[in-house]
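Please read the numbered points below beside the sequence and the structure. Each point takes up one topic.

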Amino acid sequence: GRSWGDRVLALVDGPPLRRLKALGAVGGMAYWKADGKVADYYREAYELAQKSGDTAARAETAYNYAFVFSIERIGVPADRELSRQYLAESLGAFREIGDPAATGRAAWALAITYVNGSHSREELLLGRQYGTEALLEHRALSERNLFDEGWDLHVLGLAALKLIEVDEAADRFREALGLFVAAADTSGIVLMLSNIAEVARQRGDLERHDVLVGAWSALSERTGVGLVDVYSATEGRLSRADIPAERRPALDRGLSMTTDAAVAYALET
């Protein structure tokens, strides 16, 4: 997909809004691969939108560009204050055009800036507040968007996990995993397997943790989803290389699982 996207960008030389769509698509793929080049794509899109005078385009590109600074990645240092600045711009523009679904996404993204990489109780509670707003906005829509609801539940579960409300975190992550499976969203499935592994780790169930690390690692390798590697660095999560030799059998069980088997295992209580 990334290769095709770059070919499209090499061809497109016309109205700015046409190139904007191509930049958004390629930027999205770069983001999920945890590729630092995402900054180049999203910056150009944001600058084009500013010149276009199109409020919807400005809202969308500000939203995307904010993610460049939301978490640490190769070549792009995290800057949560800058991320919040772009998200506030996006939120205001989405409200201006009256788009409740997108308004919910912007509120969710603000929640992420307060929860990812943070262990401050004040920030975690603020993140939970924005995440709750986002979930309420999305669940009030007449047509459900499983992707948006899944990510709302992710940030709420992550906040609960860091607030040591482990049972709530587990419930949020399992519900999100079910939604991502229904939406066939591989990125969400990989991250929820990692999240549920962290629940097991906090509960002291290292065997379950290690199986799930193997499961998400295998799925990540099969699909190219690299976002969990960023979480490993920013949230102190263990990767397959960190599992000691004496715990390797559990890791190997996870590595050999199919996606369906991994999901079923993660959903067990």
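This is a predicted model: local features need pLDDT of at least 70, side-chain atom pairs count only at pLDDT 80 or more; totals for chains, interfaces and linings use all residues.

1. The buried residues of α14 pack against α9, α10, α11 (206-223) and α13 (248-255); contact here means heavy atoms within 4.5 Å. Helices (H or I, at least four residues) are DSSP runs, numbered from the N terminus, as are strands (E, at least two). In α14, which covers residues 259-267, the buried residues are A262, V263, Y265 and A266. Buried means under 20% relative accessible area, exposed over 50%, and partly exposed in between, with a 1.4 Å probe and protein chains only. Seen down the axis of α14, these buried residues fall within an arc of 165°, so they line one face of the helix. The arc is that of the directions from the helix axis to the C-beta atoms.

2. Residues are numbered from 1 along each chain as its sequence is written, and side-chain values use heavy atoms, with hydrogens and water left out.

3. Which residues of α7 are buried? They are E123, L124, G127, R128, G131, A134, L135 and H138. Because they cover an arc of only 135° around the axis, they lie on the same side of α7. On the other side of α7, E122 and L136 are exposed. The buried residues of α7 pack against α5 (80-97), α6, α8 and α9 (166-182).

4. The length of α7 can also be checked. The 19 residues of this helix (residues 121-139) should span 27 Å at 1.5 Å a residue, and its end C-alpha atoms are 27 Å apart, which agrees. The expected span is 1.5 Å times one less than the number of residues.

5. R128 is a residue of helix α7. Leaving aside residues up to four places away in sequence, R128 touches L156, A159, A160, L163, E165 and E168. The C-alpha atoms of R128 and A159 are separated by 6.3 Å, although the two residues are 31 residues apart along the chain.

6. The largest pocket holds about 380 Å³ of space. Of the 19 residues that line it, W32, Y63, F67, W108 and F147 are the closest to its centre. A pocket is an open set of points on a 1 Å grid over the protein atoms alone, where a 1.4 Å probe fits, with protein on both sides within 12 Å along at least five of seven lines; lining residues have an atom within 4 Å of a point. The lining has eleven nonpolar, four polar and four charged residues.

7. The second largest pocket has a volume of about 170 Å³. Among the residues that line this pocket are H119, L158, E198 and R237. Helices α8 and α10 (186-202) each supply at least two residues of the lining.

8. Two loop residues deserve attention for their phi angles. Most residues other than glycine have a negative phi. I164, in the loop between α8 and α9, has a positive phi near 60°. A184, in the loop between α9 and α10, has a positive phi of about 55°. I164 counts as exposed because its relative accessibility is 60%, and A184 counts as exposed at 63%.

Definitions and conventions:
Grid points are joined across faces, edges and corners, and a volume is the space filled by probe spheres set on the points. Ala, Val, Leu, Ile, Met, Phe, Trp, Tyr, Cys and Pro count as nonpolar, Asp, Glu, Lys and Arg as charged, and the others, Gly among them, as polar.
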